[in-house]
Amino acid sequence: SDFAFGPLTVKLRIVGETFRRRLTTAIAFAQLRNAQESALAWRIAAIDGASSGVGVPPGWNFRVTSERHLERLHHSADQKLSVRYDPDTQTWRILSVAQRLAIIWTADAARLPDWDDSAPCRDLFHWMTLPTEYFLAHAAAIGIGEKGVLLTGPGGSGKSTTTGAAILRGLLTAGDDFVLIEPRFAQAYALFDSIKLDAGSAALLSDLAADAVNSDRRHSEKARIHLFGSRPAVLVPRMPIDAVLLPRLDGGPKTTFVPASHGDAMRALVPSTIFLMRGGERETARKATLFLRKLPAYRCNLGRDPREAADAISVFVNGISK
């Protein structure tokens, strides 16, 4: 199948029905019937060793160039080869810039963690964009019409809950956790259709949580909702970004907005983004700096009611001058 995420197009070939379902549910909204040529065209081959008969992939045999994460990670000096190996699931991810080809080989697709279904191929998309002007951001994008804002901050700052409430109040989204950013014209492109809510947020947003595909989840697991399957009208493939909001769970009766500096925006976006990505930290920070310099930033002190917060953000977005 062929998929398009703004300027990034991917030809995805998968061996194994379980792997196909797990890799494509969150990106089904981006499927193309007739793929167009793109300067950012890539191929991904995904192999489930268990169902294909190929078997278990070999162990690690590359030099480790980054030890920030539990996985084995190797980036060549010229940034043209990226390799990641997860020993827990026995999964390889390999990307060659010269061949514009990526390969995923896992021992058993059924053993992959549930959260992987929310953002499949995330590290591959990140590596694909490293040589370009685009970058993946750990952020949510919500808006109205041709106006939008980026919500960014560390995990637990309220991005997903606010995005979920915004959807219920009639706003649109291009993603609640990771989006593809084009810095020059301040655009966000949707990569995944999933929203994840912890138990507290799911209780507050029960209408949305009712759409979760993992209804049998444990209390410690997040509810996973795929918007393309449940509320396709609220998911947009592209959203202009006119301001950056730095959410914080304030707990007061009303949501408030206070101007923030570009340094504040950098500290909200860059550390969590480069921690969750694998490699290319300097390039990601450089692109994020270019992007954030173009936009005003505001601290968004979220009130205790997420629906009130969504309404306040709606008023804020409507008041943006284009």
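A crossing of two helices is called left-handed if the near helix is turned anticlockwise from the far one by less than a right angle, and right-handed if clockwise. This is a predicted model, in which local features need pLDDT of at least 70 and side-chain atom pairs count only at pLDDT 80 or more, while totals for chains, interfaces and linings use all residues. Residues are numbered from 1 along each chain as its sequence is written, and side-chain values use heavy atoms, with hydrogens and water left out.

Helices (H or I, at least four residues) and strands (E, at least two) are DSSP runs, numbered from the N terminus. The elements discussed are these:

| Element | Residues |
|---|---|
| helix α1 | residues 17-24 |
| helix α3 | residues 122-129 |
| helix α8 | residues 262-276 |
| helix α9 | residues 281-292 |

The axes of α8 and α9, which are lines fitted to C-alpha atoms over the stretch in contact, come within 10 Å and cross at roughly 150°, with angles running from 0 to 180 degrees between N-to-C directions. Therefore α8 is roughly antiparallel to α9, a term for angles over 145 degrees, and their crossing is right-handed. Contact, meaning heavy atoms within 4.5 Å, involves residues including Met-266, Leu-269 and Val-270 of α8 and Ala-285, Ala-288 and Leu-292 of α9.

His-126, placed in α3, is buried (under 20% relative accessible area, 1.4 Å probe, protein chains only), with a value of 2%. Leaving aside residues up to four places away in sequence, His-126 touches Leu-136, Met-277, Arg-278, Gly-279 and Thr-284.

In α1, the buried residues are Phe-19, Arg-22, Leu-23 and Thr-24, and their cover includes β1 (2-5), β2 (8-15), β4 (40-48) and β8 (101-106).

How values were computed: Angles under 35 degrees count as roughly parallel, over 145 as roughly antiparallel, 65 to 115 as roughly perpendicular and the rest as oblique. Buried means under 20% relative accessible area, exposed over 50%, partly exposed in between (1.4 Å probe, protein chains only).
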